[in-house]
Amino acid sequence: MYRPRVIPVLLLRNSGLVKSVAFKDYRYIGDPINAVKIFNDKRADELVFLDITASKENRLISLEFVHKVGDEANMPFAVGGGIRNVKDIRSILENGAEKVVLNSVAYEKTDFIKAAADSFGSSTIVVCIDVKKNLFGNYKLVYKNASRKIEDNPIEFAQKMEEYGAGEIIIQSVDKDGTYQGYDLELIRKVAESVTLPVIGLGGAGDYKDFTKCIKSGLASAVAAGSLFVYHGPRRAVLISFPTKSELKNMFE
Amino acid sequence: MLVIIDYGLGNLRSVFKKFKELDVTSIISSDIKVIQAADKFVLPGVGHFKYGMENLKKLNIIDILNEKVITQKTPIFGICLGTQLFSKHSEEGDCEGLGWIDSEVVRFNVSDRIKYKVPHMGWNNISILNGNILNTNINEEENFYFVHSYHLICEDQSDIWMTTKYDYEFVSAISRDNIFGTQFHPEKSQDAGLQLLKNFVDL
Amino acid sequence: MKICKMGVWDELIPGIKFDENGKSNYANIQIKLMTDYPRGELGKNQWGKIVQRVNSVKKDKKYDCIVGISGGTDSSYLIYLLKKKYNLNPLAVNLDNGWNSEIAVNNILTMTKALDIDLETYVIDYEEIKDLMRCYMMASLPWIDAPTDLAIQSILYITALKEGVKYIFVGNDFRSEGKQPTEWTYCDQKQLYHLHKLYGKIKLKTFPLITLRKLFYYGYFKKIKLIPAFNFLDYQKKAAQDFLIKTFGWRYYGEHHHENLFTKFAIGHWQYNKFNIDKRKITYSAQVLSGEISREEALCKIKNPPYSDAELLKDIDYILNKLGFSKDEFEKIWASPNKSFRDYPSYYPFFEGAYRYIWPIVSKVVPVKPKIFYEFDERSLN
């Protein structure tokens, strides 16, 4: 039976992993390569690495880092952070990543999505849409690690991405990030219903029940989370975890 | 020597790493001489069918592959796009394939485009339709990793090795004599995938 | 090769001496420790008093005590005892040095969840500890896991101070660990800073290290006490492992300390193959004396290397990559002459000279006599 993917999303700052709340208050989580090793042992489905300062600093995520992950990871992984052109994507894929995650460039150079999909195949191109609610409760899109915003509607933007050839969409709620309050199911569902592409929900997962809700109510094709996989307990101790095979089976039955 | 054919598409390193894990030396190459000397092949691939065929043509290796695979019966294992290329023709780019398997590659035609998103991306299990020597220790309960928008339709049912259900049953693996191919990625399918690759290596 | 009749300590152990009966001075150290901390009824009483004191100083603080937890047998069993048998409410503290194995992480999660114990982790900046590990290796010293050891000690005290807790319990067990020769394990803050000055590439901005003075201050004035609980409590490693596996689904990782890959490398390869140090001679001897294994079994186990060549081959690429060493760089380091902690500045000369005099003061800071003092009594380190 088809089982949706469960995907840890790891944020990179300099050479270390960090975790945030609402894209702020970054805490150091540790060495990324050891995290990969542990996720290997836990048979995690897939990993996503996002370099959160790359775009702002006008540079690409470190290829040396991608190569190191490629050497160690037993599962497919996607990489994002400062990707601006076809050469960037080619370098990243050559260094072992299966897919690339595009964020800022999707707003600043939308045509690029098409070029990327044509060159490498849609299934290699993931667009990450970061969404924040404004004062009136309306969704607005943000990028460059939520430092810039545009007033576009996330649903229309997702449809545009589909049109331009993206293979997958991650829909991330900035407000819910790191809060354990549950996904923004309404947002995820609206996007999932408006495109025929797989949609991955991200932001706010508090426990495994949220994963079930994200698929059943949110109509997502896969679930992603950050805090849930790296923190444990009331003091947010850093401990990497991932559901067991039987937990995964029960989650989506 | 096991040769992983490099025609510019697909994550060759992953496949190479898996063979290394099995203590098998493999070589990534598109060199005619290397292909000539090979005793086993892997044809990986992710991307557009048309580009795949064009790249193979540009590299001038289709003739030697025909000779090795069809005439000399050198075992070959296709992965994802690689398997699709074995077919006669694909809708993707309306393009002719290698024609080694009597099959057509079509886009997923699902009944509910919201419920069944395309590409089919994620974990799914398999049903073995026809046994073959690579079935050792392969469990139908195991999940394998899929990422594709197109799948094969086989004219000859005896070519179908495995099927998988995603809205409907589709061909997820083919085999005919020395030609094997999976739609899923064994190199990304953890232990079950590794077992499959091991079975191919042990041939 | 002369081997102690009471264990497996042999001629290669630094400073070993045999009496006319073939008994070594290391056996004496172990016997003295066992006499001072006999466990049994006396141990129970001593422990009872400790628990009483823990409860009396607790006041309105959330936690009674701090417990260092690694995912290994000792600490996992200890937190079980503290919570379930002695009704204490510990705060478990784990140090993440970037090398924890999946088994260790899983064990920590399993135990803290099952026992409903709060967990605090301290994640050392990986670039900083990597730099320090490299320093110790470039200095060609035997104990390259020193930075982690020193960090753990600091973190335990810092956390105790932060939480207003007076007692730190650790799972160290001399009956299964013995006393390693100082030459094989010595480390202190003074030496760490010196080595970092010599070989360090990046600045240490966040590395947790408290000075000896601060340590004294915490112990003497803040009255924070660090106690190895198994000096007093009955504890048998194998039985504990079986219990943990059956009751909690805890998983075993192989040899002592193999829950951390760097420690496994440090003991199993670096010390074993470069310095010809086999720490198991000490640990197995201690276990022979405490009745956990027979002398024959110990002699047999020691014949095989702690880290098989096949396993090492699998791990070495990963390890060198993580440390940032190329194969050539590592080969150079491996070939450089072995040094001892004596070759670099440290507090050691002070301790060696003054230990008898400072014990009355030290005893107020560390309630349990440091094992090194027992070693001073039995042997000279020249």
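Predicted model: local features only at pLDDT ≥ 70, side-chain atom pairs only at ≥ 80, totals over all residues.
Two pairs of chains touch, and the pair with the most contacts is A and B. Chain B and chain C are not in contact, and the nearest C-alpha atoms of these two chains are 9 Å apart. The interface of chain A and chain B draws on 38 residues from chain A and 29 residues from chain B. The size of an interface is often expressed as the accessible area lost when the parts come together. For chains A and B this buried area is about 2,600 Å², with 44% given by carbon and sulfur atoms. On the side of chain A, 23% of the area buried against chain B is supplied by A:Tyr2, A:Asn74 and A:Thr196, more than by any other three residues.

Helix H2 (63-72), helix H5 (111-120) and helix H7 (185-194) of chain A are the elements that give two or more residues to the side touching chain B. H2(A) provides the largest share of that side, with four residues. Sorted by class, the side of chain A that touches chain B consists of 14 nonpolar, ten polar and 14 charged residues. Four salt bridges are found across the interface of chain A and chain B. In one salt bridge, the side chains of A:Arg43 and B:Asp191 meet at an N to O distance of 3.0 Å.

In chain C, C:Ser346 is located in the loop between helix H16 (327-335) and helix H17 (348-365). C:Ser346 counts as buried because its relative accessibility is 11%, under the 20% limit. The side chain of C:Ser346 comes to 3.1 Å from the backbone nitrogen of C:Tyr348. Apart from neighbours within four places in sequence, the residues in contact with C:Ser346 are C:Tyr186, C:Asp188, C:Lys190, C:Gln191 and C:Phe341.

The number of disulfides over all chains is zero. A disulfide is a covalent bond joining the sulfur atoms of two cysteines. For B:Cys80, the closest cysteine sulfur is that of B:Cys154, at 15 Å, which is too far for a bond; the cut-off for a disulfide is 2.5 Å. B:Cys80 has 5% relative accessibility and therefore counts as buried. B:Cys154 likewise takes part in no disulfide, and at 7% relative accessibility B:Cys154 counts as buried.

Technical notes
Residues numbered from 1 in each chain as written. Chains lettered and ligands numbered in written order. Heavy atoms only, no water. Contact = heavy atoms within 4.5 Å. Buried area = accessible area lost by both parts, 1.4 Å probe. Nonpolar A, V, L, I, M, F, W, Y, C, P; charged D, E, K, R; others polar. Buried < 20%, exposed > 50% of the residue type's maximum accessible area, 1.4 Å probe, protein only. Polar contact = N/O pair within 3.5 Å; in protein donor to acceptor, adjacent residues only side chain to side chain.
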